Amino acid sequence: MPQASSNQASTEKVKKQDLTRRSAPVQGRSKERSKKIMDVTSELLERVGLDDLTTVLIAKEVGISVGSLYHYFPNKHAILYAMASEWLEEIEKVLTKISAWDIETILLDDLLEQILALNLKAYKKQKAILTLVQAMFSVPELRSLDTEHDELVISHMAALFKRMGIHSHIKERERLGRLYLETSHSAFLVVVNQNPERAKRTLADLKLMLLALLKQHLS
């Protein structure tokens, strides 16, 4: 029905507005305050977790009133949405950088090592990445970003696999892309919280698994 469609569009618009910053940080001071709010939220995510995170707590840690906080973000999910969006932009930069490499001339072993190292750097850069990713998956308001992340990685890897020599149908390469995503994404979230020695071993095992998978399809 037209009316039902209109109501649904209106609801989606309201939800989107609830995740939009109140004030676009265009000036230097405004940008700094917005960044500080997100940085403090990241630190609190690590300390108290998602369930106990509140705008009152965030405002107190930032050193501003809740009213001032709402001038920048309407709720805590809007802050998380901004954080997740920035992390997603970072992942896209990594994938774009990899796509610019001369893939066809790099040995598979070296290529995988470079891909994993560059991606891991992006995961380590984001504070409280594990909790943020969990929020992207579990919080309805953030789930679109989780889907966007998955589609971004899968499409880039499917194209990359073709350049590496895997000439299967696009659907098959997307299947491999999802397998790569699920395997590497889970491993990265573990590695960032391990001590250096354990992280090194986990990363080596991840590389070994991906090498075996890709060699099978290359042959």
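Helices (H or I, at least four residues) and strands (E, at least two) are taken as DSSP runs and numbered from the N terminus. The model is a predicted one, in which local features need pLDDT of at least 70 and side-chain atom pairs count only at pLDDT 80 or more, whereas totals for chains, interfaces and linings use all residues. Residues are numbered from 1 along each chain as its sequence is written, and side-chain values use heavy atoms, with hydrogens and water left out.

The secondary structure of the protein comprises 10 helices and 0 strands, giving the pattern α-α-α-α-α-α-α-α-α-α along the sequence. Of the 219 residues, 42% are buried, where buried denotes under 20% relative accessible area, exposed over 50%, and partly exposed the range in between (1.4 Å probe, protein chains only). Contacts are defined by heavy atoms within 4.5 Å. Among contacts between residues at least 6 apart in sequence, 69% join residues at least 24 apart.

Helix α5 covers residues 76-99. The expected span of a helix is 1.5 Å times one less than its number of residues. The N-terminal end of α5 is capped by N75, a side-chain oxygen of which lies 3.2 Å from the backbone nitrogen of H77.

Two leucines of α5 were examined individually. L88 is located in this helix and counts as buried because its relative accessibility is 5%. Leaving aside neighbours within four places in sequence, L88 is in contact with L145, E148, H149 and L152. Residues up to four places away in sequence not being counted, L95 touches L152, V153 and H156. A C-alpha separation of 6.8 Å is found between L95 and H156, which are 61 residues apart along the chain.

Helix α9 has 22 residues and reaches 30 Å from its first C-alpha to its last, close to the 32 Å expected at 1.5 Å a residue. Its buried residues are R173, L176, G177, Y180, L181, S184, H185, A187, F188, L189 and V191. These buried residues pack against α5, α6, α7 (129-138), α8 and α10.

Grid points are joined across faces, edges and corners, and a volume is the space filled by probe spheres set on the points. By this rule, 1 cavity of 30 Å³ or more is present. The largest cavity holds about 50 Å³ of space, and its lining consists of I91, N119, Y123, H149, V153, Y180, L181, S184 and F188. Two or more lining residues come from each of α6 (108-125), α8 (143-164) and α9 (170-191), and α9 gives the most, with 4 residues. The lining divides into 6 nonpolar, 3 polar and no charged residues, with Ala, Val, Leu, Ile, Met, Phe, Trp, Tyr, Cys and Pro counted as nonpolar, Asp, Glu, Lys and Arg as charged, and the others, Gly among them, as polar.

Three further buried positions were characterised. K207 lies in helix α10 (residues 196-218) and is buried, with a relative accessible area of 14%. Not counting residues up to four places away in sequence, K207 touches D109, L112, E113 and L116. T55 is placed in helix α3 (residues 55-62) and counts as buried at 13% relative accessibility. The side chains of T55 and Y70 are joined by a polar contact of 3.0 Å, a polar contact being a pair of N or O atoms within 3.5 Å, of which, within protein, one must be able to donate a hydrogen and the other to accept it; residues adjacent in sequence count only if both atoms are side-chain atoms. Apart from neighbours within four places in sequence, T55 is in contact with V66, L69, Y70, N75 and K76.

A128 occupies the loop between α6 and α7 and is buried at 7% relative accessibility. Most residues other than glycine have a negative phi. Phi of A128, by contrast, is near 55°, a positive value in a residue other than glycine.

Methods: On a 1 Å grid over the protein atoms alone, a cavity is a set of points where a 1.4 Å probe fits but cannot get out, and a pocket is an open set with protein on both sides within 12 Å along at least five of seven lines; lining residues have an atom within 4 Å of a point.
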